[in-house]
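Please keep the 3D view open and follow the points one by one.

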Amino acid sequence: MDSKQVLGTASGAWGERRWAGVGAAEVMLLAVAAVWGGSYAVAKQATQQLPVLEFIALRFGLTFVVLLPALRPLFDAQWRQGLAVGGLLGANLLAIFVCETFGVSLTAASNAAFLISLCVALTPFVEWWLLGRRPEPRMFWAAGLSAVGAAMLSATSPASISVGWGDGLMVIAAFLRAVMVCMTRRFAGRHSMPALTLTAVQSGMMALGAMALSLVASKGAWHMPPATASFWWGMAYLVLLCTVFAFFAQNHAASHSSPSRVSLLMGSEPVFGALIAVYGFGETVGAWGWAGGLLIVMAAWWVTMPQSAAPRAHSVNL
């Protein structure tokens, strides 16, 4: 055991603990997958009461307000680099949420949750392209398994697989998610911001961007948010759990793990989405879909298993 492991064990730091080969970052990502699994049905209901771009502006504007205290580290050091990184990541995140939110408004919530998991299959290739690192072979096998599972989840039988406008937008969002994970990893060493501060900057950029797009698209018109309890309870869920907690966890994990590992764990999201859609919102998922969900869970857990002794021996020479 090296000195870093000794110090981590002695201090009891949560991030250094591991249980059954799964670390704190992996546990956080699985929690995010569960929370995000329920976001599609909630977002679909909300966009039936408020236009998509205004909904995005409101959601991330509220998130920015909640995270205002987290902005202090931004002005302590490297604030220009922090704003540049946060702005770039925020712009990419805005593109993801525009595609996702319009997509979920045009397709079934369960279908949206399934299709977004294609980012699992795309991330190893995006990582190779953007970071110049070829992922280990099991990442490709697990990514392919997740892609097959996602395809099975989106259909009741092999002959029923089809792609509509909403589905197409979700596929684009999946690609942008893969880019997001890799960019977060690539820029991790270019700023000194804590994960929560980065989330705040991203949220502010997204709120401003969505507001500007909405004003252009609607020619200056703006709608008042509905006063219904269901809308605001849903907004609280999306802001506090699906955004504040989830983006903090993802930003933290992406800086401490490989992009492919992050996306494969997040690939369990559609399974949680299916469970919530079925038991919470009355949607139906057949045996073919559940089989696909099992493949995604297998792929996600496969990548969290400790590597064999041979790969570990090779890693010492890096």
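1. **A first pair of neighbours.** F231 is buried, at a relative accessible area of 2%, while W232 is partly exposed at 35%. Here buried stands for under 20% relative accessible area, exposed for over 50%, and partly exposed for what lies in between (1.4 Å probe, protein chains only).

2. **What you are looking at.** This is a predicted model, in which local features need pLDDT of at least 70 and side-chain atom pairs count only at pLDDT 80 or more, whereas totals for chains, interfaces and linings use all residues. Residues are numbered from 1 along each chain as its sequence is written, and side-chain values use heavy atoms, with hydrogens and water left out.

3. **The overall make-up.** The protein has 15 helices and two strands. Both kinds of element are DSSP runs numbered from the N terminus: helices are H or I with at least four residues, strands are E with at least two. Of the 318 residues in the protein, 50% are buried. Among contacts with a separation of 6 or more, 88% are between residues 24 or more positions apart; a contact means heavy atoms within 4.5 Å.

4. **An enclosed helix.** Which residues of α3 are buried? They are S39, Y40, A41, V42, A43, A46 and T47. Because seven of the nine residues of helix α3 (residues 39–47) are buried, the helix is largely enclosed by the rest of the structure.

5. **Helices α2 and α13.** Two packed helices are described by the angle between their axes and the distance between the axes. For helix α2 (residues 24–37) and helix α13 (residues 269–281), the angle is about 40° and the axes are 7 Å apart. That makes α2 oblique to α13. The axes are lines fitted to C-alpha atoms, for helices over the stretch in contact, and angles run from 0 to 180 degrees between N-to-C directions. Angles under 35 degrees count as roughly parallel, over 145 as roughly antiparallel, 65 to 115 as roughly perpendicular and the rest as oblique.

6. **How those two helices touch.** α2 passes α13 in a right-handed crossing. A crossing is right-handed if the near helix is turned clockwise from the far one by less than a right angle, and left-handed if anticlockwise. On the α2 side the contact has L30, A33, A34, W36 and G37, which meet E269, F272, G273 and I276 of α13. By class, the contact of α2 with α13 has six nonpolar, two polar and one charged residues. In this scheme Ala, Val, Leu, Ile, Met, Phe, Trp, Tyr, Cys and Pro are nonpolar, Asp, Glu, Lys and Arg are charged, and the others, Gly among them, are polar.

7. **More on α13.** Its buried residues are E269, P270, V271, G273, A274 and A277. After α13 comes G282, with a positive phi near 75°.

8. **Helices α4 and α10.** Helix α4 (residues 52–66) and helix α10 (residues 195–217) have axes that come within 8 Å and cross at roughly 150°. The two are therefore roughly antiparallel to each other, and α4 passes α10 in a left-handed crossing. Residues making the contact include L53, I56 and F60 of α4 and A200, A207 and A210 of α10. The contact of α4 with α10 divides into twelve nonpolar, five polar and one charged residues.

9. **A closer look at I56.** Not counting residues up to four places away in sequence, I56 touches L94, F97, V98, T101 and A210. The C-alpha atoms of I56 and L94 are separated by 8.6 Å, though the residues are 38 apart along the chain.

10. **Aromatic pairs.** How many aromatic pairs does a search of the whole structure find? There are four, where rings of Phe, Tyr and Trp (its six-membered ring) pair if their centres lie within 6.5 Å, and planes under 30 degrees apart count as stacked, over 60 as edge-to-face and the rest as tilted. F125 and F140 form an edge-to-face pair, 5.3 Å centre to centre with 75° between the planes. This pair links distant parts of the chain, with F125 in helix α7 (residues 119–131) and F140 in helix α8 (residues 137–153), 15 residues apart. F231 and W232 also pair edge-to-face, at 5.3 Å centre to centre and 85° between the planes. Ring pairs also link F125, W128 and F140 into a cluster.
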